[in-house]
Structure formats: structure tokens, C-alpha cells
Amino acid sequence: MSNLVVAPIVIPLVAGAFLLFSPGRLAWQRWVSAFSIVSGLAVDLALMRLVWTGGIQPFYAGNLPAPFGITFVADLVSVAFATVSTLAAFAVLLFAMQTLEEEVQARYFYAGFQFLLVGVNGAFFTGDIFNLFVFFEVMLLASYLLMALGAGRLQLRETLKYVLINSVASSFFLLGVAGLYRAYGTLNMADLMMRASAAPSGGWLAAVAVIFLVVFGTKAAIVPLHFWLPASYFAAATPVVAFFGGILSKVGIYAILRTFTTLFVEEPTFTHDTLMLPIALLTMVVGILGAIAQTDFKKILSYHIVSQIGYMLFGIALGTPLAVAGTIIFVAHQMVVKTALFLCAGATEKVAGSTELEKTSGLLVSHGTFTALFFVAALALVGVPPLSGFFGKLTLIRAGLEAGRFLSVAVAVVVGLGTLFSMIKIFRLSFWGEVKGERRLSEASPAFRRLLLPIGMLVAGSIAIGLGAEQVFSYAWAAAEQLLDRQGYISAVIPGLAMAVKP
Amino acid sequence: MEVWTAAAIGIVVACGVYLMLAREIVRVILGSLLIGYGINLALFMSGGIKAGGPPIIRGEEVAPMTDPVPQALILTAIVIGLGVFALMLALGYRTYEETSSDDLEELTG
């Protein structure tokens with residue numbers, strides 16, 4: 001048992017609590033948030049090393065052994081996602097310092113951001129379903145706050161919608177929790193896995209699985225539960241949306257990945273093949289059609305989120321180790337690249353005063369370095385080698401071919417072309433052409449150079465994932481095998497109770 | 001007994017859904033509150049209705065006791081629900097200040 005497991009949750013919690021009591025003191029708030037995130041990143045890396053060498057690390061709050069107390073578990077998947085999202089959070093924080101209005105920053109932006117990280121890291125590391133609910137709520141409450149900051153009419157409308165949809169989804173979450181507790185009398189994930197595999201539930205577990213798919217699907221924006229996402233993400237401030245689009249929707253996918261590879265595997269022909277696979281393909285197609293139809297930078301990116309959630313769901317629906325490894329790479333890649341692209345949209349907004357494609361054309365002429373960064377990030381999103389997107393998609397497509405899902409693979413490839421088309425559209429209308437509209441910041445100005453730093457950081461991250469694909473893949477493969485090894489998880493979390501589990 | 005509680009849960013949730021379909025913001029918020037309460041009741045029932053004393057072990061003998069876990073769970077759920085409810089009311093009030101109306105239609109467009 002290592003106390004390091006809860007450090008990524010405790011650090012932002014303490015920092016956030018501090019920041020609540022210092023509204024208005026901007027410099028202090030910035031330093032505390034930056035310190036919290038950097039130390040969180042260091043802890044994540046140390047934890048990753050520990051898990052890589054020492055296997056799954058459980059943490060029992062108050063030293064009450066699982067399944068009785070509150071359990072946190074760090075394994076390769078959760079620690080990888082936590083590290084990448086903390087890195088993306090750092091970039092978003094740097095960007096927000098430059099772009100948000102001082103008035104908004106000086107209030108509760110930084111505190112809200114820290115609590116958002118508490119929720120995200122908590123959801124990654126929790127070892128029981130009810131605490132997953134609690135951390136989802138922490139994350140959502142912080143996200144309501146951030147979304148409503150600087151409220152205008154549009155923002156109020158979208159925030160109200162977002163809050164209502166998520167509160168109904170949370171109610172469903174509790175219903176799913178009730179269903180699990182009714183059937184097995186426990187909510188600890190390891191204990192649930194053990195009990196669920198010991199006795200067939202006769203369809204009950206599949207029914208609960210569908211409730212959870214609806215809940216997590218609402219947060220992750222799978223079709224047909226995606227309708228709120230593009231409008232809500234359009235209304236909120238761009239740095240906030242960068243974090244929402246890059247990280248928050250992936251937390252929903254992480255929850256699906258965790259539960260649908262280990263717990264809800266009793267009737268995979270129904271939950272995975274009949275339900276999840278068609279939904280995954282539909283999500284890809286609907287998302288990309290939406291992206292093609294839009295003419296606004298932020299809206300195109302928002303619809304891309306939906307489309308790429310489809311790829312992740314596709315990997316989870318296949319459920320083979322290769323597909324799960326592909327999903328893990330793809331999620332990590334999306335966290336980096338999606339955040340980078342939203343930050344590009346934010347920089348465009350800052351420079352040209354708008355994100356509508358037609359109004360910003362000619363950025364290539366006036367802002368060359370920025371265009372180059374956007375171009376690399378866009379290619380990474382599309383999946384051009386040797387950038388990060390290529391290896392995630394390649395692994396997923398190979399897994400699809402190995403599983404004999406040829407039609408699904410064809411859809412995934414065509415949707416990839418659609419992604420290319422819509423990214424070209426952004427590039428052609430927004431970056432190419434005559435210089436149109438105003439330019440509030442010149443390329444050489446220090447204020448603009450500071451904007452490029454976080455974007456450059458993330459783009460470098462994407463290139464690093466692409467160039468180090470060998471290492472990234474072997475990590476993802478180990479993570480997938482660890483995730484799918486239920487016996488190993490159970491005996492690591494509940495060493496006293498490890499019994500035989502059906503493979 | 002469980003059948004009646006199930007029916008009660010159904011009625012509470014149905015009322016919540018009905019309120020959520022209204023145009024007034026306050027009604028919509030109250031609707032989501034009622035749905036949450038109905039589901040809390042369902043969570044409460046997930047331990048089953050058992051006759052027994054409080055779940056405290058005194059001395060050696062273990063008497064029949066009720067399941068304490070669902071109660072702890074809904075306690076948490078109620079607290080979180082209260083926080084979200086307060087936030088929604090604040091949002092609704094801000095919207096009222098902005099549009100000087102309680103009507104969701106005012107926000108369209």
C-alpha cells in the first residue's frame with residue numbers, strides 16, 4: 001500500500017481549498033495552481049514508475065481492508081490517463097492565464113480548475129463504483145462553475161441545459177449503483193468482479209450495464225446522447241472548453257473502459273456486439289457529418305470529439321487486448337491533440353476576435369509559426385504518420401481486422417477521411433487566403449509568443465507519442481493485459497479473498 | 001411492502017418528469033430534484049426491507065440488523081443533490097435577472 005496513490009487527488013484538493021479563500025489575489029492564485037499541477041505531474045510520474053515496477057497499487061483509506069473501506073487503485077491505465085490529463089491541464093492553465101479576462105480569473109476560475117482535477121484524478125483512481133459517482137459529481141460541479149463563468153445569455157442557457165442533462169444522468173448513475181448493490185451487496189470493483197463471475201445473474205447484470213452505458217455515454221457524448229455537447233462547448237470560454245473537450249469527455253470513456261472490460265462482461269454478445277458496436281459506428285458517422293457541416297472552428301472541433309469518442313467505443317466494443325491497447329493509445333493521443341487544437345481555436349479567437357472560419361482567413365500570412373503548430377496538430381488528429389493519431393488508429397483498425405469486423409473497419413477508415421476533409425476545411429478557410437478581418441496581436445508580440453508556448457508543448461507531446469510509438473505501444477499493451485486480467489486485479493486489491501475467477 | 005415502495009418511486013419520478021417538461025425554469029429544476037429523490041428512494045431500497053435493530057454490535061451476540069450501507073449511500077447522494085440543486089437555483093435566478101422572465105422559451109435563439 002502506497003500513500004502516493006491518493007496524492008494526485010489530495011494535492012489539487014488542498015490547493016483548491018486554499019484558492020477558495022483568496023479571491024482577487026491573482027498572482028498568488030496563479031502560483032498556487034501552477035505549483036499544484038506541476039507537483040501533481042511529478043507525483044503521477046513517480047506513481048507510474050511504481051506501478052510499472054511493482055504492479056497494481058491499492059490504497060485503503062483508514063487502513064480498512066477492501067471491500068469494507070474506501071479503496072483507491074492505481075494501475076497502468078489509470079496512471080497513464082492521469083499523467084496525460086495533468087500535462088494537458090498544465091497547458092490549459094498556462095493558456096488561461098493569458099486569455100481569460102482578469103475579472104474572471106481573479107474570482108473562482110483557479111479554484112474551480114483545481115476541483116475539476118480532483119474529480120478527474122479521483123475518477124481515474126477510485127476502486128469502487130460509488131466513489132466513481134462521487135468523483136463524477138465533484139468534477140461536474142466544478143465544470144458547472146467553469147462553464148458559467150462570465151455568464152452571458154447564451155452561456156446561461158447552455159449551462160442550464162448542461163446542468164440539467166448531467167443531473168438527470170447522475171440520477172441514473174445512482175439507479176445503476178442501486179442495481180449493483182441489490183444484486184451483489186457490494187460496490188467495490190474487485191469484489192463486484194469476483195461475485196459477478198462466481199454466479200451468473202440471469203440478465204440482471206446486462207440490464208445494469210445498459211443503465212451505466214447511458215450514464216457514461218451522456219458524459220462522453222455517444223450518439224444519441226451527444227446532442228448537448230457541441231452547443232454547450234461552443235458557449236463556454238475557450239480555455240475551459242479545451243479542458244472539457246480534451247479531458248472531461250475522456251473520463252466518461254475511461255469509466256466505460258474500466259467497467260465494460262472487467263465487470264459487465266457477462267453477456268458480451270448483447271452489451272458489446274449488439275449494442276455498443278453499432279453505437280460506436282453511429283457515433284463516428286454522426287460526429288463527422290456534424291463536423292463537415294459546420295463553419296466555426298470551435299464547433300468543428302466539438303463535433304470531432306463526438307466522432308473520436310466513436311473510435312474509442314469501437315475499441316472497447318471489440319474487447320480484445322489489442323483493441324483495448326489501441327483504445328488506450330487513442331485516448332491518450334486525443335487528450336493531447338484535442339486540447340492543442342482547442343487552444344489553437346482560442347489563439348485564433350484572441351488574434352482575430354472570432355472563430356468563424358470565414359472571418360479569420362489569412363492566418364498563414366500573418367502568423368506563420370502558429371499556422372505550423374496548428375497544421376501539425378491537425379495532421380496528428382487526422383492520423384498521419386509519424387504523429388500520435390496514426391498509431392492509435394492503426395492499432396484499432398488492426399484489432400478490428402483481427403476480430404473480423406471488416407464493415408466496421410471500413411466505416412472507421414471512411415470517417416478518418418471525413419476528419420481529414422474537415423481539418424482541410426479549417427486550414428483552407430481560416431489559414432489560407434487573403435488576410436481578412438482584424439489582427440489584434442502580431443506574430444512577433446510577446447503576448448502572442450506566450451500563447452504559442454502551451455500549444456507548442458502539446459504538439460511536442462503528440463510528436464513524442466508518435467516517435468516513441470514502440471515504447472508507447474508496449475506500455476499500452478501491458479496496460480491492456482493488466483486491465484483484462486481480472487484475477488490479477490482482484491488478488492492485488494483483496495489479497496485475503498482471492499478466489500478462483502472464471503477467465 | 002416492496003411493491004408499494006416501488007410504486008411510490010415510480011410516482012415520484014413520473015411527477016419529476018412531468019415537471020421537467022414544463023417551460024418555467026423553476027418547475028424544470030424542481031422536476032430534476034424530484035427525479036433525484038425518487039432514485040434516492042430506489043437506492044434506499046437496494047438493501048431490501050429487513051426488520052431488525054440498528055447496525056451496532058454490542059458485546060458478543062449479533063442480533064438481526066438492517067443494512068447500513070444504502071443509508072450511508074443516500075446520505076451522500078442527498079448532500080450532493082442539495083449542492084447541485086442550490087447551484088441550479090442560482091443559475092435560474094441569474095437567468096431571470098438576464099431575461100426578466102421565468103420562461104425557457106425566452107432563452108432560445
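This is a predicted model: local features need pLDDT of at least 70, side-chain atom pairs count only at pLDDT 80 or more; totals for chains, interfaces and linings use all residues.

Me: How do you know that the span of helix α10 of chain A agrees with its number of residues?

Reply: The expected span is 1.5 Å times one less than the number of residues, and for the 25 residues of α10(A), residues 238–262, this gives 36 Å, which agrees with the 36 Å between its end C-alpha atoms.

Me: Why is α10(A) called largely enclosed by the rest of the structure?

Reply: A residue counts as buried if 20 or more other C-beta atoms lie within 10 Å of its own, and 25 of the 25 residues of α10(A) are buried, so this helix is described as largely enclosed.

Me: Which residues touch the most other members of the largest nonpolar core?

Reply: In that core of 221 residues, they are M139(A), V177(A), I328(A) and A377(A), while the largest share of the core, 21 residues, comes from helix α13 of chain A, residues 321–352. Leaving aside residues up to four places away in sequence, I328(A) touches V77(A), A80(A), A476(A), A479(A) and A480(A).

Me: What is the radius of gyration of chain B, and what would a compact globule of 109 residues have?

Reply: Chain B has 19 Å, whereas the rule for a compact globule of 109 residues gives a value near 13 Å. Along its principal axes the C-alpha trace of chain B spans about 65 × 30 × 15 Å, and 28% of its 109 residues count as buried. Chain B has three helices and zero strands, and among its contacts between residues at least 6 apart in sequence, 51% join residues at least 24 apart.

Me: What makes up the side of chain B that touches chain A?

Reply: With contact taken as C-beta atoms within 7 Å, 24 residues of chain B are in contact with 23 residues of chain A. The elements that give two or more residues to this side of chain B are α2 (25–45) and α3 (68–99) of chain B, and the largest share, 13 residues, comes from α3(B). By residue type, this side of chain B divides into 14 nonpolar, eight polar and two charged residues.

Conventions:
Residues are numbered from 1 along each chain as its sequence is written. Chains are lettered from A and ligands numbered from 1 in the order in which they are written. Two residues are in contact if their C-beta atoms, placed from the backbone, lie within 7 Å. Helices (H or I, at least four residues) and strands (E, at least two) are DSSP runs, numbered from the N terminus. Ala, Val, Leu, Ile, Met, Phe, Trp, Tyr, Cys and Pro count as nonpolar, Asp, Glu, Lys and Arg as charged, and the others, Gly among them, as polar. A residue is buried if 20 or more other C-beta atoms lie within 10 Å of its own, exposed if 12 or fewer, and partly exposed in between; C-beta atoms are placed from the backbone. A nonpolar core is a set of buried Ala, Val, Leu, Ile, Met, Phe, Trp, Tyr and Cys residues joined through C-beta atoms within 7 Å. The radius of gyration is taken over C-alpha atoms; the globule rule is 2.2 Å times the number of residues to the power 0.38.
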